[in-house]
Amino acid sequence: MKIFRLALLSIITALVLITASAQQSISQGIPNHIETVYTQTSSNTRIPLRVPSIIPLNSPVAPSNYWASNISRDNFYSISFNRAADCRRVEECSFASVSGEINAEASRNYQQQLARPRVEQITLNDGTPAIFSPHYEGIYGPSSVFVKTDGYLYTFNIYMADKTDVVAMANSALSVFSQ
């Protein structure tokens, strides 16, 4: 009877650990080396940075470790989350990205995004309206959330992700990044 109880306790403990590990791997806090890219980007643009504090890693193309690179100008920024520190000669290196720009100057503004086929109007946790655009099956492309707030257009992308993941990423970026 004592052995049975120990075996049962071991099984329950193992199940709890497995469940906790699975939940932890669903999303990951942003590593310090990525925060450095956020700070660098923030100092190079006048667009208020809305960057994720978590990136769900359920996409089949998401790595367990990742790096970031950025492009930033006065009126635009883009941060790419990558599989390698140096993406030269790395096929499909980026697995997620976030960008911000002035909506009126965007190559495809919020209203144009809304007019695209296969999009869905959604609401983020803070009540902000947004647009979800799914990736096309079989194509290495992003699922996206577009958010227009205070005259800026923010785009959140995770390649080959489902709606839940990319919306969670956008919801984690509701406040403006400050150094």
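Modeller: Rings of Phe, Tyr and Trp (for Trp, the six-membered ring) form a pair if their centres lie within 6.5 Å; planes under 30 degrees apart count as stacked, over 60 as edge-to-face, and the rest as tilted. By this rule, ring pairs join Tyr-66, Phe-81 and Phe-95 into a cluster. The model is predicted, and local features need pLDDT of at least 70, side-chain atom pairs counting only at pLDDT 80 or more, while totals for chains, interfaces and linings use all residues. Residues are numbered from 1 along each chain as its sequence is written, and side-chain values use heavy atoms, with hydrogens and water left out.

A search of the whole structure returns 3 aromatic pairs. In one of them, the ring centres of Tyr-66 and Phe-81 are 6.2 Å apart and the planes stand at 80°, so this pair is edge-to-face. It links distant parts of the chain, with Tyr-66 in the loop between strand E2 (54-56) and strand E3 (67-73), and Phe-81, 15 residues apart from it, in strand E4. Helices (H or I, at least four residues) and strands (E, at least two) are here DSSP runs numbered from the N terminus. Tyr-66 is buried at a relative accessible area of 2%, and Phe-81 is buried at 0%; buried means under 20% relative accessible area, exposed over 50%, and partly exposed in between (1.4 Å probe, protein chains only).

Tyr-66 also pairs with Phe-95, again edge-to-face, at 5.4 Å centre to centre and with 80° between the planes. This pair too links distant parts of the chain: Tyr-66 in the loop between E2 and E3, and Phe-95 in strand E5, 29 residues apart. Phe-95 is buried, its relative accessible area being 0%.

A nonpolar core is a set of buried Ala, Val, Leu, Ile, Met, Phe, Trp, Tyr and Cys residues joined through side-chain atoms within 4.5 Å. The largest such core has 35 residues, of which Tyr-38, Ile-79, Phe-81, Phe-95, Val-145 and Phe-156 touch the most other members. Two or more residues of this core come from each of helix H2 (32-44), strand E4 (76-82), strand E5 (94-102), E7, E8, strand E9 (152-159) and helix H4 (163-171). A second, separate core has 5 residues, among them Ala-106, Tyr-110, Ile-131 and Phe-146. Val-145, for its part, touches Ile-122, Ala-130, Ile-131, Phe-132, Tyr-154, Thr-155, Phe-156, Val-166, Val-167 and Ala-170, residues up to four places away in sequence not being counted. Contact here means heavy atoms within 4.5 Å.

Cys-87 and Cys-93 form a disulfide (a pair of cysteine sulfur atoms within 2.5 Å), with their sulfur atoms 2.0 Å apart. The count of disulfides comes to 1. The torsion about the S-S bond of Cys-87 and Cys-93 is about -60°, so the disulfide is left-handed. Cys-93 is buried at 6% relative accessible area, whereas Cys-87 is partly exposed at 29%.

His-135 lies in the loop between strand E7 (129-133) and strand E8 (142-149) and is buried, with a relative accessible area of 13%. Its side chain reaches the backbone oxygen of Ala-161 at 3.4 Å. Apart from residues up to four places away in sequence, His-135 touches Arg-118, Gly-141, Pro-142, Ser-143, Met-160 and Ala-161. Asn-44 is placed in helix H2 and is partly exposed at 39% relative accessibility. Leaving aside neighbours within four places in sequence, Asn-44 is in contact with Ser-72, Arg-73 and Asp-74. The C-alpha atoms of Asn-44 and Asn-75, 31 residues apart along the chain, are separated by 9.4 Å.

As for the chain as a whole, it has 4 helices and 9 strands, running α-β-α-β-β-β-β-α-β-β-β-β-α from the N terminus on. Of its 179 residues, 43% count as buried. Among contacts with a separation of 6 or more, residues 24 or more positions apart account for 54%.

Key. Polar contact = N/O pair within 3.5 Å; in protein donor to acceptor, adjacent residues only side chain to side chain.
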